[in-house]
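Here's a quick briefing to read alongside the model.

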Amino acid sequence: MSENEKQKESACNSCSSESCGAKTQRKDEADQDYLDRQALAQRMCKIDHKLFVLSGKGGVGKSSVAAGLAVALASSGKRVGLLDIDLHGPSIPRLMGVRDARAETDGESIIPVKSPEGVSVMSVGFMLQGKDDAVIWRGPLKYSVIKQFLKDVNWGDLDYLIIDSPPGTGDEPLSVAQLIEDADGALIITTPQAVAISDVRKSIDFARRVNLPVLGVIENMSGFVCPECGKRSDVFGAGGGEDMASDMGVPFLGRIPIDPTLVTSGDAGGLRAYISGDTAGAKSFRAVVDELAKILGSA
Ligand code: ADP
């Protein structure tokens, strides 16, 4: 220890000011955050593309689209990770067919759960004691859990890490945007309905404010074609997502129709069979993946 450091230490030890102790603690926390971020950057640099999936509103199919895209990419031979940061309502374990899995560690890192199609999945759902347990956490704790998911999970080498955020512009998407500085950008999920569109504009504004490029808008639940008579009904309206994307100057990546088989496949954790099928919904997922690959230059 240098003479200067010794003097500082003895001054600190003799100081009874509470604010001085608090200052030291704050410095220790800042040092730890710096070290954590370095470890996190080392994990993230092995991942080619990091994509955030956002929506303005709940129930527009954000998690279903995030899971469907992960499966579609994995089915086309890509190495894919799927991180569920919807801490209060994690639905990714069920959608990915791994709802009974538990997170395990190898002593140093948390091992992601492998879905049947080989996607590396991590979710708070793998850590809850009971399936119906509620998570009641405030912002700082959410930040540290999300940091742990990024830093302590052994993601390995991946082509894509897809991050499913809860709806809105709260602590979770903000934390992840602060923690991953080199993300490719955000995919914004909406339905064509005006009430969803007005909220999704806020998600685009959020992305812009945190310097996250908007890769594009995906319009989900876009029309329903009756399997009996073939008649199309625009249950939530039509084209609202595309009009909003053009209005806000962001790319439009495509439409996914209302498809009852997506619901049953998701509930049963069987998205792989669904995505490789020939329903209009499955084809639209594959078309969105093609569009995305073009935008990312990873086709
Ligand atoms: P969010 O993550 O936005 O809350 P979810 O992905 O949980 O939404 O989807 C909400 C509900 O809508 C689920 O029951 C899901 O199966 C259903 N769903 C999502 N997308 C579609 C679709 N394209 N066709 C039919 N049902 C869908």
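Let's start with Pro-227, which sits in the loop that links strand E10 (224-225) to strand E11 (232-233). Keep in mind that this is a predicted model.

**Pro-227**
- Pro-227 is exposed, at a relative accessible area of 69%.
- Going from C-alpha to C-alpha, Pro-227 lies 27 Å from Ala-70 in space, and the two are 157 residues apart in sequence.

**Cysteines**
- Searching the whole structure turns up zero disulfides.
- A disulfide, after all, is a covalent bond between the sulfur atoms of two cysteines.
- For Cys-226, the closest cysteine sulfur belongs to Cys-229, and at 3.6 Å that is too far for a bond, because a disulfide needs the sulfur atoms within 2.5 Å.

**Helices H3 and H11**
- Two packed helices are described by the angle between their axes and the distance between the axes.
- Here, helix H3 (residues 62-75) packs with helix H11 (residues 280-296) at about 75°, and their axes are 10 Å apart.
- H3 and H11 are therefore roughly perpendicular to each other, since angles of 65 to 115 degrees count that way.
- On the H3 side, the contact uses Ser-64, Val-65, Gly-68, Leu-69, Ala-72 and Leu-73, while H11 brings Phe-285, Val-288 and Val-289.
- Sorted by type, the residues of this H3 and H11 contact come out as seven nonpolar, two polar and no charged.

Conventions:
Residues numbered from 1 in each chain as written. Predicted model: local features only at pLDDT ≥ 70, side-chain atom pairs only at ≥ 80, totals over all residues. Heavy atoms only, no water. Axes fitted to C-alpha atoms, helices over the stretch in contact; angles between N-to-C directions. Helix = DSSP H or I, 4+ residues; strand = E, 2+ residues; numbered from the N terminus. Parallel < 35°, antiparallel > 145°, perpendicular 65-115°, else oblique. Contact = heavy atoms within 4.5 Å. Nonpolar A, V, L, I, M, F, W, Y, C, P; charged D, E, K, R; others polar. Buried < 20%, exposed > 50% of the residue type's maximum accessible area, 1.4 Å probe, protein only.
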